[in-house]
Amino acid sequence: MRVVIRGAGDLASGVALRLWRAGMDVVLLDVEKPTAIRRTVAFSEAIVHGVQRVEDVTARLATAETAEETLAAGYIPVLVDPEGRSVPKLKPDALVDAILAKRNLGTEIRDAPVVIGVGPGFTAGVDCHAVVETMRGHSLGRVIREGSAIPNTGIPGLIGGFAGERVLRAPAAGLFHPLRDIGDAVTEGEILATVEGKPIIATLTGTLRGILPEGTEVSPGMKAGDIDPRCQRSHCFTASDKALAVGGGVLEAILALTGALRETGIRHTGGEREEDHV
């Protein structure tokens with residue numbers, strides 16, 4: 001089964017990990033100049049460096065013409081194709097929009113036999129067949145077959161008791177200059193980066209889980225970094241709980257909507273089983 005994922009940031013990469021490990025062929029599409037904050041766990045870095053390894057899976061920069069040989073070699077192809085023009089040529093069984101733009105940037109329900117929208121901006125039955133919830137909390141990763149995900153609040157989810165304080169934002173327009181690297185321990189009040197001489201100051205003490213690379217062109221208020229108050233350096237180099245939960249929801253939706261579970265003889269009637277009473 002082939003799945004094309006629009007987006008190759010950290011959350012889309014978590015989805016890709018889940019699908020790839022389940023035995024699916026995965027192709028990722030992203031922009032020419034990625035702005036993923038959690039660069040160590042984003043396959044979009046393959047566009048920058050030609051290759052990117054996330055946990056035990058490796059992606060390589062490819063084109064629509066070389067995607068087949070890249071897959072055959074055991075790598076996830078990452079294409080520069082923000083508009084999804086290569087989708088008809090790739091002929092996916094399923095298309096996943098994991099751009100996380102909080103709105104639909106052009107995905108249509110007719111783009112593939114199964115189309116999944118990740119997060120706000122999609123309506124199941126209108127522009128996709130199912131939506132997967134991305135809001136942290138009780139509904140994270142749930143598959144929505146009718147309606148939409150929870151609207152974007154603009155407030156990051158709680159991690160270690162902190163929400164908006166975790167996020168570093170650009171103070172001005174210009175070129176980004178980081179002073180610390182992903183995985184570094186940082187202290188509240190410390191200057192972590194500058195934009196045109198204006199400082200970006202750590203809003204709390206923790207581990208720098210993500211930060212933009214040198215020379216990124218930013219706009220005022222643009223997300224530029226992420227501090228994890230749990231202070232676990234290893235978290236900086238593995239897919240997040242959120243990304244894997246969303247990936248599990250996408251996997252469930254694809255299997256259910258393509259009939260793959262029925263094809264393998266796996267059925268669920270909703271009735272009680274004898275072992276339920278043991």
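Helices (H or I, at least four residues) and strands (E, at least two) are DSSP runs, numbered from the N terminus. I noted that before looking anything up.

**Ground rules.** I'm working on a predicted model, where local features need pLDDT of at least 70, side-chain atom pairs count only at pLDDT 80 or more, and totals for chains, interfaces and linings use all residues. Residues are numbered from 1 along each chain as its sequence is written, and side-chain values use heavy atoms, with hydrogens and water left out.

**Overview.** I count six helices and 19 strands in the protein. Of its 278 residues, 47% are buried (under 20% relative accessible area; exposed is over 50%, partly exposed in between; 1.4 Å probe, protein chains only). I also looked at contacts (heavy atoms within 4.5 Å). Among those with a separation of 6 or more, 53% join residues 24 or more positions apart.

**Leu28.** I found Leu28 in strand S2 (residues 25–30). Buried or exposed? Leu28 counts as buried because its relative accessibility is 0%. Leaving out residues up to four places away in sequence, Leu28 touches Ile5, Gly7, Ala8, Ala16, Phe43, Ile76, Pro77, Val78 and Leu79. I also checked Val80: it lies 52 residues from Leu28 along the chain, with 8.7 Å between the two C-alpha atoms.

**Thr70.** This one belongs to helix H3 (residues 67–72). Thr70 is counted as buried because its relative accessibility is 9%. Neighbours within four places in sequence aside, Thr70 contacts Arg60, Ala62, Tyr75, Ile76 and Pro77.

**An open sheet.** Four strands line up in the order S16-S15-S13-S18, with antiparallel pairing (two strands pair if DSSP finds at least two bridges between them). The edges are S16 (198–201) and S18 (217–218), each pairing on one side only. S15 (residues 191–195) and S16 share four bridges in the antiparallel sense, and Ile191 stands opposite Ile201 in S16.

**Strand S17.** S17 (residues 206–211) is mostly covered, with six of its six residues buried. S17 pairs antiparallel with S14 (residues 185–186) over two bridges, where Ala185 faces Thr207. S17 also pairs antiparallel with S19 (residues 223–228), over four bridges; there Gly210 has Asp226 as its bridge partner.

**Second largest pocket.** Its volume is about 160 Å³. The lining consists of Glu32, Lys33, Pro34, Arg39, Glu45, Ile47, Val48, His49, Pro213 and Thr216. For the record, on a 1 Å grid over the protein atoms alone, a cavity is a set of points where a 1.4 Å probe fits but cannot get out, and a pocket is an open set with protein on both sides within 12 Å along at least five of seven lines; lining residues have an atom within 4 Å of a point. Grid points are joined across faces, edges and corners, and the volume is the space filled by probe spheres set on the points.
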